[in-house]
Amino acid sequence: MDRTRSDRFLNLRRDDRGMVAVPSGEWIVFNTPAIERDIDRTLAALEGQNYVVDASGIGRLDTAGARQLKRLIGNQGAYLNDHQKALVDFVPPDVDRPRAPKRPFFLMEMIVALGARTDSTVRFLYAIFSFIGMVFIRLLKNFRHPRHFRMTSIVRHIHETGMRALPIVGLLSFLMTMVIAYQASIQLQKFGADIFTIDLTTISLLREMGVLITAIMVAGRSGSAFAAEIGVMKLREEVDALKTIGLDPIEVLVLPRVIALLLTLPALTFLADILGLAGGALMCAALLDIPLDQYLLRVESVGTPRMFFIGMVKAPVFAFLIAVIGCYQGMSVSGSAESVGQLTTVAVVQSIFMVILADAIFSIIFAKVGL
């Protein structure tokens with residue numbers, strides 16, 4: 001008998017039976033890590049040779065140890081007592097643990113991530129344009145049959161998205177314009193150009209800030225509400241019920257919200273412009289001692305009708321983007337209430353992003369045509 005290797009839980013020796021793996025000690029769950037290491041080293045030392053397992057040296061054996069013993073035996077012969085054989089037959093076969101994949105090269109990770117994000121963006125754009133197409137088709141069909149417009153639902157959503165949003169939109173516009181006027185006056189006073197505070201406030205408010213602040217507020221308030229309301233209806237299978245009774249969910253759920261927001265966002269923008277100018281007047285009177293009549297004359301000379309309509313023309317576009325994205329994300333809800341929360345958040349983020357992107361495109365177009 002020639003012992004060639006000795007380990008704590010597993011001995012490897014040669015006798016008249018050939019190579020013999022002799023487990024020893026307590027093969028229980030607490031010793032599993034050490035047993036696994038001994039088995040790995042022993043199998044590596046055998047290098048594919050045939051061997052037998054003599055388990056007579058095992059003291060205590062539980063199912064965790066039996067699993068390791070079954071892994072050691074594999075397709076080889078074994079000498080086991082009845083208790084050991086029963087446990088080995090009881091446990092399922094050990095499955096080779098997959099090796100941890102090699103971490104790809106950093107550049108490859110970036111390329112894969114970029115590809116995945118591009119694919120996701122293309123799929124989203126395809127889905128949202130398809131959704132917009134369905135909305136336009138239903139809108140044209142309703143123009144041919146005006147009684148299909150659900151006026152009760154449209155009026156309700158006008159109240160929800162317009163009347164109830166008046167206080168917060170007006171207050172925010174008033175305060176934001178005061179901040180703009182305050183910051184502008186501090187800088188312009190250094191050059192003795194106090195009067196241009198009115199110019200800066202009026203131009204920024206009418207062209208950009210009024211409609212942009214209003215759209216962002218509506219996206220956070222109404223866009224999220226659209227996604228959540230339709231998402232909950234989707235979870236409760238109310239959307240499927242509409243299809244079952246022969247109603248088009250686009251006509252019943254989406255069109256009233258889109259039409260209502262197309263009407264309310266321009267009105268809210270107009271209110272934001274008026275209250276924003278009032279905030280600028282208050283700040284100019286407090287900081288620069290500019291009387292109200294002089295302020296109004298300066299606003300009249302700077303804030304031309306063209307400038308006012310440059311801001312107002314953006315409002316329906318922003319309204320359409322907010323309504324469509326909110327309704328689309330609501331229609332995409334599936335699975336659980338967690339999906340409602342996630343897609344409501346996505347609707348707000350995407351709406352604000354698309355509003356800012358559209359505003360940037362409008363700015364480029366207006367600059368190219370000289371407006």
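## Helix H4

A residue is called buried when its relative accessible area is under 20%. In this predicted model, the buried residues of H4 are Ile128, Phe131, Ile132, Val135, Arg138, Leu139 and Asn142. These buried residues pack against helix H9, which covers residues 249-288, and helix H12, which covers residues 314-331. An α-helix has 3.6 residues a turn, so residues three or four places apart point the same way.

Helix H4 itself runs over residues 106-144.

## A nonpolar surface patch

Leu107 also belongs to H4. With a relative accessibility of 47%, Leu107 is classed as partly exposed. Together with Phe106, Met108, Met110, Ile111 and Val112, Leu107 forms a nonpolar patch on the surface. The accessible area of this patch is about 620 Å² in total.

Strand E3, residues 18-23, pairs with E2 in the antiparallel sense over six bridges. Within this pairing, Leu12 stands opposite Ala21 of E3. The two strands, E2 and E3, form a hairpin with two residues between them. In a regular strand, the side chains alternate between the two faces of the sheet.

Thr197 is part of helix H7, which extends over residues 196-235. The relative accessible area of Thr197 is 0%, and the residue is therefore buried. Leaving aside residues up to four places away in sequence, Thr197 touches Ala181, Ala184, Ser185, Leu188, Cys284 and Leu288.

Helix H11, residues 305-312, has Met307, Ile310, Gly311 and Met312 as its buried residues. The elements that cover them include H7, H9 and H12, as well as helix H10 (292-302) and helix H13 (337-368).

## Two loop residues with positive phi

Glu237 is not a glycine, yet it has a positive phi of about 65 degrees. Glu237 is found in the loop between H7 and helix H8 (238-244). Its relative accessibility is 53%, so Glu237 counts as exposed.

Asp289, which is likewise not a glycine, has a positive phi of about 55 degrees. The loop that holds Asp289 lies between H9 and H10. Asp289 is exposed, with a relative accessible area of 64%.

Note on methods. Residues numbered from 1 in each chain as written. Predicted model: local features only at pLDDT ≥ 70, side-chain atom pairs only at ≥ 80, totals over all residues. Heavy atoms only, no water. Patch = residues over 30% accessible without salt bridge, like charges linked within 9 Å, V, L, I, M, F, W, Y side chains within 5 Å. Areas by Shrake-Rupley, 256 points an atom, 1.4 Å probe, with all protein chains shown as cover. Salt bridge = Lys/Arg side-chain N within 4 Å of Asp/Glu carboxyl O. Helix = DSSP H or I, 4+ residues; strand = E, 2+ residues; numbered from the N terminus. Buried < 20%, exposed > 50% of the residue type's maximum accessible area, 1.4 Å probe, protein only. Contact = heavy atoms within 4.5 Å. Pairing = 2+ DSSP bridges.
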